[in-house]
Every structure is written in structure tokens, then in C-alpha cells.
Amino acid sequence: MGAPSALPLLLLFACCWAPCWANLSQDDSQPWTSDETVVAGSTVVLKCQVKNHENSSLQWSNPAQQTLYFGEKRALRDNRIQLVKSTPHELSISISNVALADEGEYTCSIFTMPVRTAKALITVLGIPQKPIITGYKSALQEKETTTLKCQSSGSKPAAHLTWRKGEKELQGEQTRIQEDPNGKTFTVSSSVTFQVTREDDGADIVCSANHESLDGADRSTSQRIEVLYTPTAKIRPDPPHPREGQKLLLYCEGRGNPVPQQYLWEKEGSVPPLKITQESALIFPFLNKSDSGTYGCTATSNMGSYKAYYTLNVNDPSPVPSSSSTYHAIIGGIVAFIVFLLLILFIFLGHYLIRHKGTYLTHEAKGSDDAPDADTAIINAEGGQSGGDDKKEYFI
């Protein structure tokens, strides 16, 4: 009874798993591919692969369902489309100089029973054109407010615009987006408003288009601005420490836009001006004590004027310490220090020699105590001559 009852279960199990085995067999014949994103003007490669080709060839067709390649055979005469690889298990083609019109869904097919297909979506990125800055017409006055506009077309998706002045970021308005007539790309625009200062004279205002198609490359335009401002001035003496009898030049160094065209020199206490000239220097051929005083220089341009002051004190003609005298003083100090060290060395050396000479004389004295002196020797000699065998010694 047990065996017959197991037969229906085996049949049920086989019926359930039969479709699964059939699906596994069908999956092996299913081609696969991948979506691609490409920048306009570059090259894209479409690859289609299949595990079980069932003795059939792979085929690529474009979004208009026009066959591009069937196996290794070209079907569409477009020299931009080339065969990369053709085997029973793979069909790869390339499209060069990709245009926005090439965007769409491409189909890879294998003509089995039934026909199996795989889709590959090509997304083409539109590169933004170089931005154009408008709104600057002529030089600006200091503290004047100006507005500049920037525009760039041809981006897909829409680019983002940013502003900067030199290396400093400027806060512009939010980027405005407008679709181009081709229905695929976009035109973006932005504006920035700021007040100029004299430090902005000669500054570059930069508008940059940021877009994924640029891959980090810079696509920007700059506009150099000119700012007109009132002059400033300062007086510089040459030489810096003037002395009586020397030649002195006082330079009035003016700065401004435009640069000062006229310089007026005055001395406090003197009614008529000393000099009115387009040159900035006041010359003293031979300084006297009477030249001491406060001098003023008024630098004038179309934007206004500025007056700088300098107090001149004419010193005696005695030499002023210079860098050369300082150098000689340093050398003299070094020589004095070396002489001092040599003197200390000679003192220690003399002291050493004196001590060792005293020790030598002491040893000589001790040696003379052990020998008879000259008087004793003479008496001994006389006693030996007169006394014969009797020997007497006399010590004096």
C-alpha cells in the first residue's frame, strides 16, 4: 500500500520542478547588456553577451529599430558605428563622435524561439558653452554698485553657475534655467551685484559653469574691472638721513586711478609755493640748516587731491654711523676678545713655568747639603799634609 501511494507524490514533484528547469534553460539564452552615459563628441561602446546562443547570432539595433550589426555584418551605413567584437557569445560595437541625437534605448536581440532581447540606454551629456559676461561698460567710481550677468547654453542636464572675485567667492543669485529650442539642452543664467572699492581696481570677476560633463575641468569667463578713486601720497627722502652739505631729493609718491598729474610743493612759513610741476621730486642741491622745516606735497588728479607732509631736520655734516662702521665695530670687538683670551693664556702659562722652576731650584739646594763645602775641603787638605799619619778634621 505504501509504494503505490508514493507515486502520485513523485509525479506532483516532477510537474512542479519541470517549469523551473525550463526557466533555467531559457535564462541561459537571455542576452544582457548595460546602460551607458557618454559626453557629446566622445565614443561609447555597447556590449551584448549571452551564455547559450542556441546556434543563433546576436543583433544590435538603434532607438529607431534600425539594425546596426547582425553578427559581424554591418547593416547601417554609418561610419561612426564600428564592430569591436563578434563571437557566438558576444557582440560589441562602438559609436564615435556621439551626438545628442544618438541618445535613446538600444536593443540587443537573439533570434531563438522565442526571440529574446535586452535594452541598453545611452545618455548623452551636453557640454555647456563658455559663459558670457555682460553688464560692464566702462570704469566704475569708488563705492559704486554694479551688476554683472552671466549666461551659458548647450548643457544637458542644466549647468550650475558660480561667481568669484579673484580667489574670493561672490554670492550671486540662483541660477535660472531655460530649455533650448532643440528640446534637449538648456541655457542657464545668473547675475551678481556688489559695491566696488579701490582694492577692486584691476580685479577679475569670474563666472564659472559647473557640469558633470567637464569632469573637473574649468569652464569660465573673466571680466577685468577698472575702479576710479582719489589719490594718496607719501614723501620719501633720498638719502634717508640727510646732512648739511649733501644733495637731497624728496619724492612725492602718488597713487591713484588715474595717477596724479600735478604735484604742489610747499614749506610751512613760506607764502609762495616752492614748486608746481608734473614731476614728483623736490631737489635740494646743497643742504643748509635753513632748509629745515615741514614740507607739504599735494598730489592732484581728476578724482581729487591728497596732501602729504614731511619734516626735514638738517643734521651736522659729521658722519652718520653706517653699516660699514658697524661692521668694523664688530670686527674690532672680535679682535679684542681674541687678544683678551691670549693674555689670559700667557698669564696661566707664566704662572705654570714659575711654579715648575721653583721646584727645580729646591731640588738643587737639597743636593748641595749632602756634599762638604769648599772651606771644609781646604782644611782637610792642609791637615793631611802636616800631620802625617795623625789625621784631624776641623770643621768651620
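Which residue stands opposite Thr294 in strand 25?

Analyst: That one is Thr311: Thr294 stands opposite Thr311 in strand 25. Bear in mind that this is a predicted model. The pair belongs to a set of nine bridges joining strand 24 (residues 293-301) to strand 25, and the two strands run antiparallel.

Now for what comes before it along the chain. Strand 20 (residues 248-257) holds Arg255. Is Arg255 buried, partly exposed or exposed? Its relative accessibility is 47%, so Arg255 counts as partly exposed. Leaving out neighbours within four places in sequence, Arg255 is in contact with Tyr229, Thr230, Pro231, Thr232 and Pro260. Take Pro231 from that list: Arg255 and Pro231 are 24 residues apart along the chain, yet their C-alpha atoms are separated by 5.3 Å.

The unreviewed UniProt entry annotates residues 327-354 as "transmembrane region". In the model, that stretch is 100% helix and 0% strand, with its end C-alpha atoms 41 Å apart.

Three strands make it up in the order 2-7-6, with antiparallel pairing. The edges here are strand 2 (44-49) and strand 6 (81-87), each with a single partner strand, so one side of each lacks a neighbour in the sheet. Neighbouring strands in this sheet are turned by 15° against each other on average, direction ignored. Strand 2 is joined to strand 7 (residues 90-95) by six bridges, with the two running antiparallel. Within that pairing, Gln49 stands opposite Glu90 in strand 7.

Strands 2 and 7 also turn up in the largest nonpolar core. That core has 21 residues, and the ones touching the most other members are Leu46, Leu58, Trp60, Ile93, Ile95, Tyr106 and Ile122. Elements giving it two or more residues include strand 2, strand 7, strand 8 (104-110) and strand 9 (116-125).

Strand 12 (residues 145-155) is worth a look too. Strand 10 (residues 132-134) is joined to strand 12 by three bridges, running antiparallel, and Ile133 has Cys150 as its bridge partner there. Strand 12 is also joined to strand 16 (residues 186-195), again antiparallel, by nine bridges; one of the pairs is Ser152 with Val188 in strand 16.

Finally, the whole-chain numbers. The protein chain has three helices and 25 strands. Of its 396 residues, 31% count as buried. Take the contacts between residues at least 6 apart in sequence: 60% of them join residues at least 24 apart. The accessible surface comes to about 25,500 Å², and 56% of that belongs to carbon and sulfur atoms.

Conventions: Residues numbered from 1 in each chain as written. Predicted model: local features only at pLDDT ≥ 70, side-chain atom pairs only at ≥ 80, totals over all residues. Heavy atoms only, no water. UniProt positions renumbered as here; feature names shortened; annotations may be inferred. Helix = DSSP H or I, 4+ residues; strand = E, 2+ residues; numbered from the N terminus. Pairing = 2+ DSSP bridges. Axes fitted to C-alpha atoms, helices over the stretch in contact; angles between N-to-C directions. Buried < 20%, exposed > 50% of the residue type's maximum accessible area, 1.4 Å probe, protein only. Contact = heavy atoms within 4.5 Å. Areas by Shrake-Rupley, 256 points an atom, 1.4 Å probe, with all protein chains shown as cover. Core = buried A, V, L, I, M, F, W, Y, C linked by side-chain atoms within 4.5 Å.
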